[in-house]
Amino acid sequence: MSLINREDLIAEYDRVHVGAPGGARKLMVDAPEAKQEQQWIPCSERLPERRKHYIVTDFGSVEEAYYNCDEHWFSVDGNKLKDVTAWMPLPKPYDGGTG
């Protein structure tokens, strides 16, 4: 399993979802409202309620994973993750500063 660090995750999110270098950083790191939205949720507290993609961590590494709410597991490329300790929703897409 390949794990990526936080900076690489932000760069990849820019490339795939935002389409503009620095857009995700502005959304996830620099914007105060984004800081409030992007809070880690420990798996011991609660798990997501919907099937979709989330950002997950397992002892320091961070990656995007799909959550199967029926069977209560996260996966990357179809491979179940065993040691996810916390998760958070993906950030909202960058809107180019129009909203």
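The exercises below work through a predicted protein model.

Residues are numbered from 1 along each chain as its sequence is written, and side-chain values use heavy atoms, with hydrogens and water left out. Because the model is predicted, local features need pLDDT of at least 70 and side-chain atom pairs count only at pLDDT 80 or more, while totals for chains, interfaces and linings use all residues.

**Exercise 1. Overall make-up**

Task: State which secondary structure elements the protein holds and in what pattern they follow.

Solution: 
- Helices (H or I, at least four residues) and strands (E, at least two) are DSSP runs, numbered from the N terminus.
- Count them. The protein has three helices and six strands.
- Read along the sequence. The pattern is α-α-α-β-β-β-β-β-β.
- Take burial next. Buried means under 20% relative accessible area, exposed over 50%, and partly exposed in between (1.4 Å probe, protein chains only). Of the 99 residues, 37% count as buried.
- Areas come from the Shrake-Rupley method with a 1.4 Å probe; for residues, only the protein chains shown count as cover. The accessible surface comes to about 6,500 Å², and 49% of that belongs to carbon and sulfur atoms.
- Finish with contacts (heavy atoms within 4.5 Å). Among contacts with a separation of 6 or more, 51% join residues 24 or more positions apart.

**Exercise 2. Strand β4 and its partners**

Task: Work out how β4 pairs with β3 and with β5, and whether its faces are covered.

Solution: 
- Set the rule. Two strands pair if DSSP finds at least two bridges between them.
- Apply it to β3 (residues 61-68). This strand and β4 pair in the antiparallel sense over three bridges. Y67 has F74 in β4 as its bridge partner.
- Inspect that hairpin. Four residues lie between the strands, and H72 takes a positive phi near 60°. H72 is not a glycine. At 52% relative accessibility, H72 counts as exposed.
- Apply the rule to β5 (residues 79-80). β4 and β5 are antiparallel, with two bridges. V76 stands opposite N79.
- Two residues separate β4 and β5, and D77 in the turn has a positive phi of about 50°. D77, too, is a residue other than glycine. At 76% relative accessibility, D77 counts as exposed.
- Check the faces of β4 (residues 73-76). In a regular strand the side chains alternate between the two faces of the sheet. W73 and S75 lie on one side, F74 and V76 on the other, and all are buried.

**Exercise 3. The aromatic cluster**

Task: Identify which rings are linked into a cluster.

Solution: 
- Define a pair. Rings of Phe, Tyr and Trp (its six-membered ring) pair if their centres lie within 6.5 Å; planes under 30 degrees apart count as stacked, over 60 as edge-to-face and the rest as tilted.
- Count. The structure holds three aromatic pairs.
- Take Y54 and W87. This pair is edge-to-face, at 5.2 Å centre to centre with 80° between the planes. Y54 lies in strand β2 (residues 52-58) and W87 in strand β6 (residues 86-89), so the pair ties together parts that are 33 residues apart in sequence.
- Y54 has a relative accessible area of 4% and is buried. W87 is buried as well, at 3%.
- Take Y67 and F74. Their ring centres are 4.6 Å apart and their planes stand at 50°, so the pair is tilted. Y67 and F74 are both buried.
- Assemble. Ring pairs link Y54, Y67, F74 and W87 into a cluster.
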